[in-house]
Amino acid sequence: MVLVAVILIVEDDVFIREIAEMMVQDLGHQTLSASDVGEALLLLRSRDDIDALFTDIYLKADVLGGCDLASQAVELHPKLRVLYTTGNSVTDKLKSLFIAGAYFLSKPYTQPQLQDSFEHLLAA
């Protein structure tokens, strides 16, 4: 069973963000997008229908911004699901910053990988 969700995508690279939006929409989900932590928090504070956060870990203006954002987002929306992504190495130290129950998807990712990640994330 496929769950339709509202996904907030946070990515500072406009090209990657647009591709991610198209891929997530192709999976049947609704998308919102933000280019940084501040923009994402504005959306999270103004809406109560966001089901999942799909965020890059390393945001140019805020190193490890995706980890900080996820923590703040879950405080605002305790049932929010989180999917982290990055093209960089993920160390155990970095993983220790992930919120409990979060998933991780390495860049570059394919449509089937994204679909699989969201199916697991939303079913959890």
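How many nonpolar, polar and charged residues are in the lining of the largest cavity? Five are nonpolar, two are polar and two are charged. The legends below refer to a predicted model.

**View 1. The largest cavity and its lining.** A search of the whole structure turns up one cavity of 30 Å³ or more. The space inside the largest cavity is about 30 Å³. Its lining consists of Ile9, Val10, Glu11, Ala20, Phe54, Thr55, Asp56, Thr85 and Tyr109.

**View 2. Strands S1 and S3 at the cavity.** Strand S1 (6–10) and strand S3 (52–56) each contribute at least two lining residues. S3 gives the most, with three residues.

View 3. Helix H2 spans residues 37–46. Val37, Ala40, Leu41 and Leu44 of H2 are buried. These four lie on the same side of H2 because they cover an arc of only 100 degrees around the axis. In an α-helix, residues three or four places apart point the same way, because there are 3.6 residues a turn. Leu42 and Ser46 sit on the other side of H2 and are exposed.

**View 4. Confidence along the protein chain.** Mean pLDDT for the protein chain is 93. A value of 70 or more is reached by 97% of its residues. Among the elements of the chain, S1 has the highest mean pLDDT, 98. Helix H4 (residues 92–95) has the lowest, 85. Where pLDDT is low, predicted coordinates should not be read in detail.

Notes. Residues numbered from 1 in each chain as written. Predicted model: local features only at pLDDT ≥ 70, side-chain atom pairs only at ≥ 80, totals over all residues. Heavy atoms only, no water. 1 Å grid on protein atoms, 1.4 Å probe; cavity = no way out; pocket = protein on both sides within 12 Å on 5 of 7 lines; lining within 4 Å. Points joined across faces, edges and corners; volume = space filled by probe spheres on them. Nonpolar A, V, L, I, M, F, W, Y, C, P; charged D, E, K, R; others polar. pLDDT = per-residue confidence, 0-100. Buried < 20%, exposed > 50% of the residue type's maximum accessible area, 1.4 Å probe, protein only. Arc of directions from axis to C-beta.
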